[in-house]
Amino acid sequence: MQRALAFSMPSEERLGDGVMLLRHFATARQSQLIAELDLIVSAAPFRNMETPGGFRMSVAMTNCGAAGWVTDRRGYRYEAHDPATGLPWPPMPAVFAALALEAAARAGFDGFTPDSCLINRYAPGASLSPHQDRNERDFSQPIVSVSLGLPALFLFGGPTRAERPRRLTLEHGDVVVWGGPARLAFHGVAKLADGAHTLVGRLRYNLTFRKAL
Ligand code: MD3
Ligand code: FE
């Protein structure tokens, strides 16, 4: 007797030099990921951080791992402690680390051991303006992103703002590995459309795994 498949099959697609899209790669671990996420958030609550220019971000953020990405009037950086609690960020759950390691390996980056996971939470209307991720020490290390909940329109360009961005809808369970020449690509997320996800509700979460230190 064949067992029914609860999730659509993962698939892999190379979107360009250094970009690997792993559709549904995280779906089989969705319950464990969300359970761990809830534990992290109970210790390190989501907050809307302030940019150096004084704008409040519409995306709410928290972190786990040895280092967490923060922004305030003093700038963008990684910190070992959560400024909201003064405590170290919650440790990286094993299921997070394993997912990132396996995804990176699928894209040709063996032995990826992230020390930081930035967790973004989007409510309808939240967006992330185009930027580069350049607060990490070693750009030869990839970034692995995991999307959960509502779908989002993701835009990614090239190494300068001049390149016309490509559009990609990221859905629940999708994982993208950004490495090599894509590592310093400009990217952003369009305003989240309202909707309801069966497991996550009216939200989108994105986990980005980084080797920050
Ligand atoms: C391409 N997050 O947290 S994930 C971020 O959906 C961030 O929340 C978005 O951009 C989100 O910094 C996008 C995809 C992503 C993440 C990091 C990248 C793409 C990237 C770093 C370099 C190049
Ligand atoms: Fe980014």
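Student: Which residue does L155 stand opposite in β12?
Tutor: The residue opposite L155 in β12 is G188. Strands here are DSSP runs of E with at least two residues, helices are runs of H or I with at least four residues, and both are numbered from the N terminus.

Student: Before we continue, what are the ground rules for the model?
Tutor: This is a predicted model, in which local features need pLDDT of at least 70 and side-chain atom pairs count only at pLDDT 80 or more, while totals for chains, interfaces and linings use all residues. Residues are numbered from 1 along each chain as its sequence is written, chains are lettered from A and ligands numbered from 1 in the order in which they are written, and side-chain values use heavy atoms, with hydrogens and water left out.

Student: How many bridges link β9 and β12?
Tutor: Three bridges connect β9 (residues 152-156) with β12 (residues 187-189) in the antiparallel sense. Two strands count as paired if DSSP finds at least two bridges between them.

Student: And what sheet do they belong to?
Tutor: They belong to an open, antiparallel sheet of four strands in the order β7-β12-β9-β10. Its edges are β7 (128-131) and β10 (166-170), each pairing on one side only.

Student: What about the sheet of seven strands; what is its order?
Tutor: That open sheet runs β1-β2-β11-β8-β13-β6-β3, again with antiparallel pairing. Its edge strands are β1 (11-16) and β3 (60-65). The twist from one strand to the next averages 20°; axes are lines fitted to C-alpha atoms, for helices over the stretch in contact, and angles run from 0 to 180 degrees between N-to-C directions.

Student: Which strands does α1 lie across?
Tutor: Helix α1 (residues 30-43) lies across β3, β6 (116-122), β8 and β13 (204-210), at about 100° to β3. Helix α2 (residues 94-106) also packs on the sheet, and its direction makes about 120° with that of β8. Contact here means heavy atoms within 4.5 Å.

Student: Changing topic: which residues come nearest to ligand 1?
Tutor: Of the 19 residues around ligand 1, the nearest are N120, Y122, D133, H187 and R204. A residue is counted as near if one of its heavy atoms lies within 4 Å.

Student: How far are the polar side-chain atoms of D133, H187 and R204 from oxygen atoms of the ligand?
Tutor: The distance is 3.0 Å for D133, 2.9 Å for H187 and 2.8 Å for R204. A polar contact is a pair of N or O atoms within 3.5 Å; within protein, one must be able to donate a hydrogen and the other to accept it, and residues adjacent in sequence count only if both atoms are side-chain atoms.

Student: How much of the ligand does the protein cover?
Tutor: The protein covers 98% of the 490 Å² of accessible area that ligand 1 has on its own. Such areas come from the Shrake-Rupley method with a 1.4 Å probe, and for residues only the protein chains shown count as cover.

Student: Is N120 buried or exposed?
Tutor: N120, in strand β6, has a relative accessible area of 4%, so it is buried. Buried means under 20%, exposed over 50% and partly exposed in between (1.4 Å probe, protein chains only). Among the residues that N120 touches are F46, R204 and Y205.

Student: And H24, buried or exposed?
Tutor: H24 counts as buried at 19% relative accessibility. It is found in the loop between β2 and α1, and H24 has a positive phi of about 65° although it is not a glycine.

Conventions
Lists of a residue's contacts leave out its neighbours within four places in sequence.
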